[in-house]
Amino acid sequence: MPLTSETDVRAGHPTIEVDAARYLDLAGKPERVASRLAITYTDRSFVPLPDELAADWVASVAVPAFKLIRQRQGVQVAFASIGTGVGLDALAAIETLGATRIGITDVHEEVVSSALTNITRNLRDPFGVAFDAGAGDLLSPLRPVSPRYDLIYENLPNIQIDDAERIAAERTSSGHFSPRAEPVPDILQKNFLALHYLALQQAPDFLKPGGAVLSMLGGRVPLSLFQEMATLAGLKSEIYTYGWKIQAMPEEIIRGHAERQRDGYGPFHFYLAARLAEAFDGVGLESSGARALEIEDSIASDRLAPADAYEAWKRGEAIGHTFAALRSWVG
């Protein structure tokens, strides 16, 4: 259902303040967004982590990739986010990519409404950006307006659970999704890439010529599967950036992977954060994608199975995982 900028956020949700320059790693004051971002979050969206940037996907993974895209591919005028959450990804795109048309979707109407409010009220010039917004599945809410984007960004849930009541509970749908009716190759289903694959399949109908999709992918499965996923969706791809981050929501995410691996999914892996810090020391962002397979090979013997990672986390160890920003386009 398309939403408009007049849609108000439901009263009563908490709001946090985010230092834009710190969150977006800017050298000076932001030019297009407010210096202090007021971000409201609902019961169904991930809470931003402005005090733990290493665990925050937008700050630690998306923003560096956006800056590299701006450097290499230039201004991305039209930007869309699938599953936007609180809308910080869109604000980051406006500031770092120069986007002036923003599309956002999420499965929950209240999340889209809240995100739209977060974006518009934090712009220095609210009339300088056009919006397409809607609640529903992947890119389908945007289909009625037939937009075309330079960059489509997705950071979608990985873990499938067949429990409608659990999916409906507060933030569960931010990290999980219900079984899909569409055919998905078994190897992608087994390795928690189903939703990313379906997003890639839909993307060509929404991309400008030369446009691309940027997928945020946790490296808990072999990197080779990411590019195989893009190929199966009919797209060309490259590992754009490769790095590591602290596992956010470790209790839920690591335990969830352990449970699903016992059900026959995966295998998945995590690492001690200290080992990842050592392995990535001195690896520059610009060369990280080209070196991804080399780095992955160098830490293969340090992988922890999810059950072992969960036990290590309970003992107080910091647990991390690698990530890849996969850039895919119509070949």
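Guide: This is a predicted model. Start with the rings: F66, F79 and Y153 are linked into a cluster by ring pairs.

Visitor: What makes two rings a pair here?

Guide: Their centres must lie within 6.5 Å. The structure holds 8 aromatic pairs by that test.

Visitor: Why is the charged end of R72 said to sit over the ring of Y240?

Guide: The distance to the ring centre is 5.2 Å. The cut-off is 6 Å for CZ of Arg, with a further limit of 35 degrees from the ring normal. R72 is listed as sitting over the ring of Y240, so the contact passes.

Visitor: How many cavities of 30 Å³ or more does the count give?

Guide: The count comes to 1. The largest cavity holds about 70 Å³ of space, so it clears the 30 Å³ limit.

Visitor: What makes it a cavity and not a pocket?

Guide: A 1.4 Å probe fits in a cavity but cannot get out, whereas a pocket is open.

Visitor: Which residues line the largest cavity?

Guide: Among them are N158, N191, F192, L193, R220 and H257. The lining divides into 6 nonpolar, 4 polar and 1 charged. R220 is in that lining, and Arg counts as charged. G218 also lines the cavity, and Gly counts as polar.

Visitor: What lines the second largest pocket, and which residues lie nearest its centre?

Guide: It is lined by 15 residues, with S60, Y242, G243, W244 and F323 nearest the centre. The space is about 260 Å³. Strand 10 (236-246) gives the largest share of the lining, 6 residues. Helix 2 (57-73) and helix 12 (285-288) each supply at least two.

Visitor: How does that lining divide by residue type?

Guide: Into 10 nonpolar, 4 polar and 1 charged. W244 is one of the residues nearest the centre, and Trp counts as nonpolar.

Conventions
Residues are numbered from 1 along each chain as its sequence is written. This is a predicted model: local features need pLDDT of at least 70, side-chain atom pairs count only at pLDDT 80 or more; totals for chains, interfaces and linings use all residues. Side-chain values use heavy atoms; hydrogens and water are left out. Rings of Phe, Tyr and Trp (its six-membered ring) pair if their centres lie within 6.5 Å; planes under 30 degrees apart count as stacked, over 60 as edge-to-face and the rest as tilted. On a 1 Å grid over the protein atoms alone, a cavity is a set of points where a 1.4 Å probe fits but cannot get out, and a pocket is an open set with protein on both sides within 12 Å along at least five of seven lines; lining residues have an atom within 4 Å of a point. Helices (H or I, at least four residues) and strands (E, at least two) are DSSP runs, numbered from the N terminus.
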